[in-house]
Amino acid sequence: MCHGILKEKGVGMMHYAWLIPVFPLITFLILLVAGRVLKEKVAYIGIAGLALSFLLSVLVLLERIGGETYTYVLNWMTVGENVVTMGYEVTALNAMMLIVVTLVSLVVHIFSKEYMKEDDRIHVFFAYLGLFSFSMLGLVLAPNILQLFIFWELVGLCSFLLVGFWYFKPEAAAAAKKAFLITRIGDVGLLIGLVLLFNRVGSFNYAEIYTAVEMDQLSAPMITTIALLIFLGAVGKSAQFPLHVWLPDAMEGPTPVSALIHAATMVAAGVYLIGVMYPLFLASSTAMTVVAYTGALTALFAATMALVNNDIKRILAYSTISQLGFMILALGTAGYVAGLFHLMTHAFFKALLFLGAGSVIFAVHHRQDIRDMGGLWGKMKVTSVTFLIGSLAIAGIFPLAGFWSKEEILASTLINGDGFLFLIALVTAFLTAFYMFRLFFKTFTGEFKGGDLNDPTEETFNEQAAWEATQSAEVGLDAGYEERKVYPNHQEVPENEPRENAGLMTFPLMVLAVLAVIAGFINAPFLGHQLEAFLTAGLNVGTQPHGALWLAFLSVAVAVAGISLAWAMYVKGFIREDFFSSKAPSIHKLFQNNYYLDDIYLAVFVRPTKEISLLLWEMDKTIVDGVITLIGSLTSRSGKAMGKHQDGQLQTYGLVTVFGGMVVIGLAFAVRGYFG
Amino acid sequence: MIVLETDWSLMTPEISLAALALLVFTIDFMTGIHGKKPFIGRLAVLSLLVTAVLVILLNPGGGSIGDLFLVDPFARLFKLIILIGVAMVIMISMYYLDRNPEVYQGEYYSIMMFAALGAMLMVSSADLITLFIGLEILSISSYVLAGFKKHHRHSTEAALKYVILGGTASAFILYGMSFLYGLTGSTSLVEIGQAMPVLFQQYPALVGMSFLFMLVGFGFKISIVPFHMWAPDVYQGSPTPVTAFLTVVSKLAGFAIVIRIFTLAFGFEGIHGEWSFILAVMAAITMITGNFIALTQNNVKRLMAYSGIAQAGYLLVPFAVVLGDFSSTVIVFYSVAYLMMTLGAFAVITLVTEDSGMTDISSFAGLYYRSPYMAIAMTVFLVSLGGLPLTAGFIGKVNIFILAAAGDMLWLAIIMILTSVVSFYYYFGFIKQMFMTEPRPNDKELFVPGGLLTVVTVSLAVVLLLGIAPNLLLDIFNQYNWMPSFN
């Protein structure tokens, strides 16, 4: 009953691509069964699994560079007349994604060995990491959109587990739940979109969907509808406006998780989804416009929120949202390669920044407020230098990775978009450079403001975080967990000063820093746009826009301007730090409170849902009592005999059944006109 | 004469089950009324499994006894669902009865078997009288079971409510049936169905009346809104395994007969369009009401009652959209998934609530630390009920969704998807209790008896297996001509 369909005769490495997700799955299973016994050795198993996946990904990529797309599928489910298949596929795009995912996951595994070493549940942590890596790689290898959806939900589940890893912190539990439920709003759109596709095309396979779009099997409004529904899924997963609110809260998870899931891989899945469905999007100019504007607005809004935040991880989270907006903006302006290129470079430098932040947080004993940091440059050499590289890369300074991809996005908006989009992109680029260096300067330069690290009374109180905690507690779970200090704290560390962390934590930083420097060259114009040639070969995604030389200068100039402003404010003090907040306090407040979106959601969705539920519940319980009073003594008299040890609702139910029946019958007859 | 000419071997499983149930009943008499009787439980499970094997092995080609009794793939599959369901309920009950020795044990098992017999007769019937007899055997057994803890106020109250309201529902059904008989002079569903196109032209109001009265009555039996109000009260008051029985077996058997009667009698082209919209609206209201009210519940059994109401709404969707083989495949697949995930969940619920002596959701506190396997299994059942991938519930829902889209009722499918997102919120309530809350101080590690362990393991295996390899069942189902007497 099972038969494989081989598109290519030669059986090379690509045939074994299915093993790439299997290695982390095996580590997950091992840790699930034997995790408690293995204790701190679990990290080695996780690292070994990912190392194998990474090696195999490299081999697969090398083979794919010279070869063709490879597909292998089995029959999985028969739906009516149609057969749904499952399997795997190695395309140019996912060969690149495999490298990104396995590499970032590998370095995050290495980093976590040190970062999580004092946590009792380290085996659970590594088990979840394995499960996540499996799911993410499965998502990437999927040859059809249903299989993608399955893994899409699985990564969402892993994200839930990992954000809520320290579930005994009420904020973490609430954040996990919020992340899961809000992304599900997007998933609803995606699911509806893909079922509509199946309904019209008769298949979930990418290849057949592309063909159907090319052959005009779908009407134009249908293409737009489906594209927008699929885009809704991407909006949820990639934290785009207005569903982005879950990502900053998701920072409650351990920092390596933020680096892996909420910066480099899972949140990029939305961008990847648009990438694999690109022919569909290209066929609808309405959808492309919506995509472009959503991306642009997200990029700008998120950057403004990053300007005023003081939590090192939340700043990076807003930055991630903003950069994801950039990618989506690029895709929306026909910059297929630009968007995916930025996905790759961003994965490297944002993972670097998050791990760098983790290194800092670890060194200052789990404080996250940048106002309590400062002066770490001399104390943490590797972290500081690599963080600087990451910051320069994201700001778009020549010749680092971010420069090349950001320049292509600007070119794409300029050539295919309109002036407004280009302006937003430019402003965002400026803001990006500014907030990143605000973060950098406040953390690494000046004096250390954290006080004595071993003083237990020196608990930092973060107003913003406290405010948000109350918010999310209201949205999500009730409080009332017993506080359990299991997450790493350095009790045996004698020093009361921050210092550089062990090699296992700095090595990943160095690897990622190297990538943040060189990754951009693979699509550099003077090397002939190698990545573009690779990604677009055999794919109908239109001509890729390229910018003129002046654009490159402009983008660097904007970045330098942003950095200079930050330098003037936070290092030299030419401009007072509270210059903007004192001049325009209401705007400052707006930024700081996330444009009040959480409150709006609370008022528009959460409260009404609760109220509707309670109302329906009340109806179930009491409306009927009202009916009874109206009906009068008839029922109460006949019910009295029984009513004594009853709560008096039986007659009610009986009446409701009878009257409900009458109403249904009456309505049906009225609607269908049987009376006439 | 029909009695002599027909092939009574078609009824072998039913006859065997009746005999075995009487045997259990007799053995119970011979061993005294009081005391624990686990061996009778085992005998009952064995009897049900033997009957299930008979259903599988005998009459694969199908057939019928007059127009009274049909053996077609639809009936056989639902019989298997009923038998396996009741067997699992009895395995759950054995634990429950062990902890509640004041309940008369032998009677419990034999009545459970009679209920299964009634349900089996019902799903095979093609005649209004046979159908009603099967329905009443099932219903009356259910009333008795609901009140089995006769010294407990809640249980007797539940039974009393159930009897009176169930009687009302039966009256509706009978009244609706009487119209059909009056119009056609026949009680055979096939004959009624053949006469229906002409009748509907002549007497649309009477046909409509008959349909709607039956819809009200059956709507009560399968607890769809607005005829659902009895369910939470009865479910809460009944002994927990009986709640499981009502939620799963009773409801699925009710569904089977609703599909049977409405397909055969009202199924032809012209009239399906008339009522499909009413059903679709009721499905929508049922999904919305069930899921939203479940959000407000703290009692596990009431919560599961509302969740079960919502699930009935999901099951109604394919039926409302279209009739025929594809629709039946989707319904039967979801029924199997529903059977397994709900009974699995109820096995865990019985264990936990009996251990803690309360039915509040907080009885699940810290279950993961007391019995990791039970907590993980429960999580799988819950996410399957909610419809996350890699579970049978996901496959079932995707199939329903695809069917609804194909049948131009996308709006209904969208309501289904949206309300199932709502459902995650209350299923999370369990997950939060199990994993993210400390066990209460006196709670020790939970001992899981063999029967419950078997039920949970079997359910878990099926839920996951069907989620990963749905074609194991779908390939078989797709070959079926579910109801040869339709078309």
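I started with the core: the largest nonpolar one has 443 residues, and A516(A), M112(B), M113(B) and A116(B) have the most contacts inside it. For my own record, a nonpolar core is a set of buried Ala, Val, Leu, Ile, Met, Phe, Trp, Tyr and Cys residues joined through C-beta atoms within 7 Å. Buried is for 20 or more other C-beta atoms within 10 Å of a residue's own, exposed for 12 or fewer, partly exposed in between, with C-beta atoms placed from the backbone.

Bookkeeping next. This is a predicted model, where local features need pLDDT of at least 70 and side-chain atom pairs count only at pLDDT 80 or more, while totals for chains, interfaces and linings use all residues. Residues are numbered from 1 along each chain as its sequence is written, with chains lettered from A and ligands numbered from 1 in the order in which they are written.

I looked up M112(B): leaving aside neighbours within four places in sequence, it is in contact with A44(B), V86(B), V89(B), I90(B) and L145(B). Contact here is C-beta atoms, placed from the backbone, within 7 Å.

Chain B as a whole: I get 20 helices and 2 strands, with helices (H or I, at least four residues) and strands (E, at least two) taken as DSSP runs numbered from the N terminus. Of its 487 residues, 66% are buried.

I checked α7(B), residues 153-184. At 1.5 Å a residue its 32 residues should span 46 Å, and the end C-alpha atoms are 46 Å apart, so it agrees; the expected span is 1.5 Å times one less than the number of residues. Just after this helix, G185(B) takes a positive phi of about 70°.

Over to chain A, which has 27 helices and 2 strands. Strands β1(A) (70-79) and β2(A) (82-90) pair in the antiparallel sense over 9 bridges; pairing takes at least two DSSP bridges. They form a hairpin with 2 residues between them, and G80(A) in the turn has a positive phi of about 60°.

Last, confidence: chain A has a mean pLDDT of 81, with 85% of its residues at 70 or more; pLDDT is the predictor's confidence in each residue, from 0 to 100. Over residues 456-494 of chain A it is below 50, and that stretch has 55 contacts beyond near neighbours in sequence. Where pLDDT is low, the predicted coordinates should not be read in detail.

Note on methods: Two residues are in contact if their C-beta atoms, placed from the backbone, lie within 7 Å.
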